[in-house]
Amino acid sequence: MPMTRRLVSRAVILATLALTAPLACAAGPAAAAAPAAAAPILDRISATAMRGNLAFLASDALEGRGTPSRGLDIAAEFIASQFRAAGLEPLGDEPYFQTADWNKINPRRDKNAAPAAPAKVRNVVGILRGSDPVLKDTYILVTAHYDHVGMKPGEGDGIFNGANDDGSGTVSVIELAKAFAANKERPKRSIVFMTVFGEEHGLVGSRYYGANPLVPIEKTVAGINIEQVGRTDDSEGPQQRAFAVTGYDFSDVGEILKKAGDQTGIKVWKHPVNSDKYFAHSDNQALADQGIPAHTVSVAYAFPDYHGAGDHWDKIDYENMAAVDRTVALAIWNIANSSEAPKWSRSNPKAAKYLGVQEGRR
């Protein structure tokens, strides 16, 4: 659904969404008007820009972005350049980088082996400071992992490009950062945009952040992680103008995302099996373990070429991805401007341990 990058009325945006939404009826009632202040942010999210960025990040030149690798280093530099161009303030021990030595944190390392030469790996992090005198010292994390599985000679062309997993989430974080940073009106809370390394090795980069946070964990009110939002050819059937949320009813975040979907004509739902099953299988888990209400949004949990050599950038549905990202943007805006922070559910036993950690910190 092409969106003009000129300022248009919210009514025109919603009319365009309705005309190009084959599954809009599945999303429930007719979309309600989103806050006028958020409309320019949604309008700036560009399918074309994400196509260009993903064509590079998932190109053969980056050799599948294994952790660690030359391709991963190139990807990190590219993401940092995008954060810099957007005007985000850098975080980290180096500008836009939180660095670690892979040989010390690799969970599969041989602890009895002689120390190897340092192998630098980096989370890429920037922040948009909030505008409210009090709420600016609270934070929302918007994350995705930018690594993939690298190269496997003898399997197809040997390069596992990882366009959907999770190049799609990476370019979405970049696009959201650009859209929020370009908006004249800043949200009240601060927003941290971060892409992490080593997810494919067991959430290593996000766990490293959890152990070494760059903003106070106890003041981080929510996390939205974006993974596999580009492919609509789910193994259970096409998933257009819809996305699922892991741990949907573990906290308020699921309902906040659903409300945003109702306003943008996107179905936001709880998969009866995978929403809970996959809560622990993406980087939101590392943040939830710190007590942060954090969830992952995904369009397809399983799709052709998952962890295969054929997960290429030209198989992505960019217009659908942009529509999903507009919904995520609206949810972020709503959290960032609400005086009430999301809460873990006291009635859901699956949320009890995360609630306990959160209350213990406070």
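This is a predicted model: local features need pLDDT of at least 70, side-chain atom pairs count only at pLDDT 80 or more; totals for chains, interfaces and linings use all residues.
**Figure 1. The whole chain.** Residues are numbered from 1 along each chain as its sequence is written, and side-chain values use heavy atoms, with hydrogens and water left out. The protein chain holds 12 helices and 11 strands, taken as DSSP runs (H or I of at least four residues for helices, E of at least two for strands) and numbered from the N terminus. Along the principal axes, the C-alpha atoms fill a box of roughly 65 × 50 × 40 Å. Of the contacts (heavy atoms within 4.5 Å) with a separation of 6 or more, 82% come from residues 24 or more positions apart.

**Figure 2. Surface and charge of the protein chain.** The accessible surface comes to about 14,100 Å², and 55% of it belongs to carbon and sulfur atoms. Such areas come from the Shrake-Rupley method with a 1.4 Å probe; for residues, only the protein chains shown count as cover. There are 39 positive and 41 negative side chains, with the centres of the two sets 5 Å apart. Here Lys and Arg count as positive and Asp and Glu as negative, leaving out His and the chain ends; each charge is placed at NZ of Lys, CZ of Arg, CG of Asp or CD of Glu.

**Figure 3. Helix α3 and its cover.** Helix α3 spans residues 47–57, and its buried residues are A47, M50, N53, L54 and L57. Seen down the axis of α3, these residues fall within an arc of 125°, so they line one face of the helix. The arc is that of the directions from the helix axis to the C-beta atoms. As a handy reminder, an α-helix has 3.6 residues a turn, so residues three or four places apart point the same way. The cover over the buried residues of α3 includes α4 (70–86), α6 (163–182) and α11 (318–337).

Figure 4. In α12 (residues 352–361), Y354, L355 and Q358 are buried. Viewed along the axis of α12, the buried residues keep within an arc of 100°, so they line one face of the helix. They pack against α10 (284–288). The face turned away from this buried side carries the exposed residues K353 and G360.

**Figure 5. Backbone details to check in your viewer.** Most residues other than glycine have a negative phi, and most peptide bonds are trans. In the loop between α3 and α4 sits R65, which is not a glycine but has a positive phi of about 50°. R65 counts as buried, at 2% relative accessibility. P68 belongs to the loop between α3 and α4, and the peptide bond from T67 to P68 is cis, with omega near -10°. Another cis peptide bond joins D165 and D166, with omega about -10°; D166 is in helix α6. L203, in the loop between β5 (190–196) and α7 (204–211), is not a glycine and has a positive phi of about 60°. L203 is buried as well, with a relative accessible area of 6%.

**Figure 6. N225 in strand β6.** N225 lies in strand β6 (residues 220–226) and is buried, with a relative accessible area of 1%. Not counting residues up to four places away in sequence, N225 touches T143, A144, S282, D283, N284, H295, T296 and V297. N225 and S298 are 73 residues apart in sequence, and their C-alpha atoms are 9.0 Å apart in space.

Figure 7. T327 is in helix α11 and is buried, with a relative accessible area of 0%. Leaving aside neighbours within four places in sequence, T327 is in contact with F243, L257, A260, G261, T264, I266 and V268. S131 lies in the loop between β3 (120–128) and β4 (139–145) and is partly exposed, at 44% relative accessible area. Apart from neighbours within four places in sequence, S131 is in contact with K136, R186, P187 and K188.

Conventions. Buried means under 20% relative accessible area, exposed over 50%, partly exposed in between (1.4 Å probe, protein chains only).
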